[in-house]
Amino acid sequence: MHTIEPEVETLEPEIGASARALPPLAFGLERLGLVSLRVPYLLLIVFIILGTGAFLGIERLKVDDSLSQLFRSDTPQFRQYEAVTRDFPSSEYDVLVVVQGKGLLDREPLEKLRDLVTDLQLIDDTRGIISLFSARQPPDNGAIPPPLFPETLPQGQAYRDLIAKVRANELINGKLLSTDGQLALIVLALKPDAAGSQGAGPVVAEIRKTVNEDLAGSGLTAELAGVPVMQLEIHNSVERDRVIYNAIGFIAGCLIAILFFRRVSFMIVAAGPPLAAILLSVGALGWLDFRLNIFLNVMTPLIMVISFSDSMQLTFAIRDRLVGGASKPEAIGGALAVVGPACVLTHATAMVSFVALLFSDSDLIRTFGEAGLVTTAIALLTVLIFLPLLAILLVRGEAKLATSAPRADFAINALRAFCGWIALRMVSRPGLYSLLGVAAVVALSLVYVNLEPRYRLAEQVPNNEQAVTANGSLDQKLTGANPVDILIEIPEGEDLYSPATLATIEAVQRTAETEKGIGNVFSLQTLRDWLAQKLGKTDVKTLRDYAGQLPKPLARRYISEDQRAVLVSGRIPDIDASQLLPIVDRLDQRLATVRAAHPGYKISVTGLAVIAARNSAAMIERLSRGLTIEIVFVAAFIGLAFRSWVVMLLSILPGIFPIVASGTLLYFMGEGLQFASVVALTISFGLGLSATIHFLNRLRLEERPGEDGALSVERATILVGPALILTSVVLACGLAVTSFSNLPMLRLFGWLSAFAMIAALVADLLILRPTAMFLRSLTQRWRRVL
């Protein structure tokens, strides 16, 4: 068994010699960094100008957190949903005001509640309101039906009779008023432009202010819910937590880097390029008119992971050469020659993986791929050019470093010793450890494939925000806050009040009412049933007259303006997509009987909750499946770059392991695959990819003809391992602090990303090393046989 001492400076001259005899990996692109040595101050001015432009680009960035745009796809279901939102007011723009109190139906609190409804209608950027005060009495002899609540509320017994009538009204009870009379729902529709998180801020603030002022002293409490409120709370919490926790993580990472490098200048050289890459990339997205959403927000940590890994490798290589007595230009040039090709290949491989996303049928995923291509290219140029620039400008006292560092580098030397120990163990029995690695990946993969997609909007909302409480109250007392809509399109030759149309609406209504999990079903048929019960009238004229007298915001919820389509709308609790989809699919199957009995009428199950459940599940499955397939595709690209099928095989296991390990952890915790978890796995893939390429590049340089392969694996591990370990620790610390956020999505992303980072490190040290040794020896034996 062979051992080597971790004396880096004794290895570098041989590396340079071997590197000249090898075919280039990056076609010389790494030499772009040498420009910083020739004209550093000119480049500094260029970066200052670009940074200023990037800040201006960031100012241009707009947030598009509309859920309908988030789940946009070129599918019949989404086109159907777009038709519904065009012909009917969308629930995506509804603010739900949930008012509760034991004395809700007492005269004084009810007066204050009616004043609140009146004042809410006067708020700018609102376009309609529905509440229990929207109800009218049954028509009398063709006269215009009066409001259920008179202008002046009666007193005494007359008031009690009125309340009894209100609680018995089928159009209100269980729909806008809970059966116990202690909860009232007010639906306030916003204009579409004001419903996004950026536009909703002032409107929601004004709504809160009006609610607090009007209900003061009434004994009633009010909470806001609905998609605009939840999007606003998510947006505000993400912005707040991202600043706080990223700052904490960055400070922790800097402290760790200083501890190992023992110089602030090297910490800046290592951390500066990734931060500059983020600034320039996000600024470029602003100038290119990209809109931030849940996916594009991921670009920041993704750029940080890939760029920081390369930055650390370059910084370590520069420092090692300075410690060995090289001048700054020699150290920077040598580092670029040895580590630079791996940096280029890392970013090029990431760009190839983004190209695969351009062929998706989801607009969101295609946009993510386009943004990934742009930002990865910018990150590569930034690392290659800006890091040497910082090194040439900031690093001072090279001679002192060469004499003092070998004695003071306790932490780095300890890391190198640890890496040497690991490498020695892994290459001692490469066949056994390779087999164990394959077995572990296969076992974890069998668990991973059983993960189900999960999506629930309320789980994205901060725990301490009132939207969560309000949704819980609606789920408990009004069967839920999320609508499930059934669209009925009327064929030519029929109209809204024709017998065939009314029969179709009735059949759909009865089907929805009897579907387990759906409640609070309302449509034109609900009104027809109520008129039949109150007046004993089922004629079309009475129905048409009464429907014509309904408040327009209420009527337009269920009847399109041209009267060529109607909605049958129910509500469901805020449940996970995996629970909602079976309900929707079962309802759709039962409606097949109605479609067959009423040919010509197009009947479709739609609505925001349905589209979100269907498309989120499909997108998460597609991203998860695409990630695992992408690993094989990327491995082939890496093998092509190295001109070696062995390298291609070597790249697969370390890429898959952190993904399936993290998925297995999610499975045993009872979690499914959410957007945040898929994003965390994507980022861990990026780090694992970078680590694999840097090791394989170094291994390629360390191989000597006729020498035992174990020695080259050990040397490559000692040279690359410390930077890899330090990168993983710094990034894991930076991401793990977000697990203290009150935003469930950010908590999940934080702890899972940190776990995946460590899993990627384990795969690189414990799977890649022995597999490399095993395949190398196997190849040599095969060549001898041939």
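In which helix is Glu-213 found? In this predicted model, Glu-213 belongs to helix H9. Its relative accessible area is 52%, and because the cut-off for exposed residues is over 50%, Glu-213 counts as exposed.

**Negative patch.** Glu-213 is one of the residues that gather in a patch of negative charge on the surface, together with Asp-115, Asp-119, Asp-124, Asp-125, Asp-193 and Glu-206. At least two residues of this patch are supplied by each of two helices, H6 (107–120) and H9 (197–214).

**Nonpolar patch.** A nonpolar patch on the surface is formed by Val-35, Val-39, Leu-42, Val-46 and Leu-50, whose accessible area together is about 370 Å². Helix H3 (residues 40–60) contributes three residues, the largest share of the nonpolar patch. Val-35, by contrast, is located in helix H2 (residues 35–38). With a relative accessibility of 32%, Val-35 is classed as partly exposed.

The two residues with stated accessibilities are listed below.

| Residue | Relative accessibility | Class |
|---|---|---|
| Val-35 | 32% | partly exposed |
| Glu-213 | 52% | exposed |

**Helix H12.** Helix H12 (residues 299–323) has 25 residues, and at 1.5 Å a residue these should span 36 Å. The C-alpha atoms at its ends lie 35 Å apart, which agrees with that expectation. Of the 25 residues of H12, 24 are buried, and therefore the helix is largely enclosed by the rest of the structure. Just after H12, Gly-325 adopts a positive phi of about 100 degrees.

Key: Residues numbered from 1 in each chain as written. Predicted model: local features only at pLDDT ≥ 70, side-chain atom pairs only at ≥ 80, totals over all residues. Heavy atoms only, no water. Patch = residues over 30% accessible without salt bridge, like charges linked within 9 Å, V, L, I, M, F, W, Y side chains within 5 Å. Areas by Shrake-Rupley, 256 points an atom, 1.4 Å probe, with all protein chains shown as cover. Salt bridge = Lys/Arg side-chain N within 4 Å of Asp/Glu carboxyl O. Helix = DSSP H or I, 4+ residues; strand = E, 2+ residues; numbered from the N terminus. Buried < 20%, exposed > 50% of the residue type's maximum accessible area, 1.4 Å probe, protein only. Expected span 1.5 Å × (residues − 1). Lys, Arg positive; Asp, Glu negative; His and termini not counted. Charge placed at Lys NZ, Arg CZ, Asp CG, Glu CD.
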